[in-house]
Amino acid sequence: MKVAVSSSGTDLDSQIDPRFGRCSYFIIYDTDNMNFEAFGNDSMALGRGAGIQSAQFIADKGATAVLTGNCGPNAVQTLSAAGVQLFVGQSGTVREALERFRSNELSSTREANVTDHFGLQDGDPAFRPGTGSAGRGMGMGGGRGMGRGMGMGRGMGMGGGRGMGRGMGMSGGDESAGSAQRGPTKDQELSSLKRESEELMSRMEDIQERIKKLEKGK
């Protein structure tokens, strides 16, 4: 099975990023062959809908479990609808969280442990907790994920990218090659913007409906 982990870096020794929707990277780990890939999170700079976009990205990558620190209600609903298990409250390194998962030490949840738009401050969608400032980084190399393979065999870079990284076994590590992921295409970006627009329209309709109900109750 594939497990997605919100990460601050591109390898298993990176710290868990406590923000699901606005994490710096997603590491997708395959428990069957112990290979993994790291993807820059293109949703981290979105003002709204980052949790939903990230959840859809995870589901599209075939992950059936997510390990993260915090997850808001919109992302929880999207993950649940896609049949993805959620494990919140994780800290330490990605490797440590995966080891806890593999040892069945974690309990899944269907409840959010933070409010909507966790990680935003002063309206800046790119605010990064703990930095005291804002930044609009979209991952390394302008939003490109960096894959690092684990296990045997040679990995070929996907989409024309060059394989990068070293093998890092859970109990030691063999040398192997990963794959580099390109940033989103124009079609992917268009699709992402359409989904965000639909979400904003839906939220606006909810707000207008609440306004009407409050006005009737005067």
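Let's start with Val-66. Its bridge partner in strand S5 is Leu-86. Keep in mind that this is a predicted model.

Next, the whole sheet. How many strands does it have, and in what order? Five, in an open sheet, ordered S3-S2-S1-S4-S5. The pairing is mixed. As a reminder, strands of a sheet pair through backbone hydrogen bonds, either parallel or antiparallel.

Which strands stand at the edges? Strand S3, 36-40, and strand S5, 85-87. Each has a single partner strand, so one side of each is left without a neighbour in the sheet. From one strand to the next, the twist averages 20°.

There is another helix to look at here. Helix H1 covers residues 50-60. H1 lies across strand S1 (2-7), strand S2 (25-30), S3 and S4. Against S2, H1 runs at about 25°.

Last stop, the surface. Met-204, Ile-207 and Ile-211 form a nonpolar patch there. Together they have about 260 Å² of accessible area. Take Ile-207, which is found in helix H5, residues 186-216. Why does Ile-207 count as partly exposed? Because its relative accessibility is 43%, and partly exposed lies between the cut-offs of under 20% for buried and over 50% for exposed.

Definitions and conventions
Residues are numbered from 1 along each chain as its sequence is written. This is a predicted model: local features need pLDDT of at least 70, side-chain atom pairs count only at pLDDT 80 or more; totals for chains, interfaces and linings use all residues. Side-chain values use heavy atoms; hydrogens and water are left out. Two strands pair if DSSP finds at least two bridges between them. Helices (H or I, at least four residues) and strands (E, at least two) are DSSP runs, numbered from the N terminus. Axes are lines fitted to C-alpha atoms, for helices over the stretch in contact, and angles run from 0 to 180 degrees between N-to-C directions. Contact means heavy atoms within 4.5 Å. Patches are made of residues with over 30% relative accessible area and no salt bridge: like charges are joined within 9 Å, nonpolar side chains (Val, Leu, Ile, Met, Phe, Trp, Tyr) within 5 Å. Accessible areas come from the Shrake-Rupley method with a 1.4 Å probe; for residues, only the protein chains shown count as cover. A salt bridge is a side-chain nitrogen of Lys or Arg within 4 Å of a carboxyl oxygen of Asp or Glu. Buried means under 20% relative accessible area, exposed over 50%, partly exposed in between (1.4 Å probe, protein chains only).
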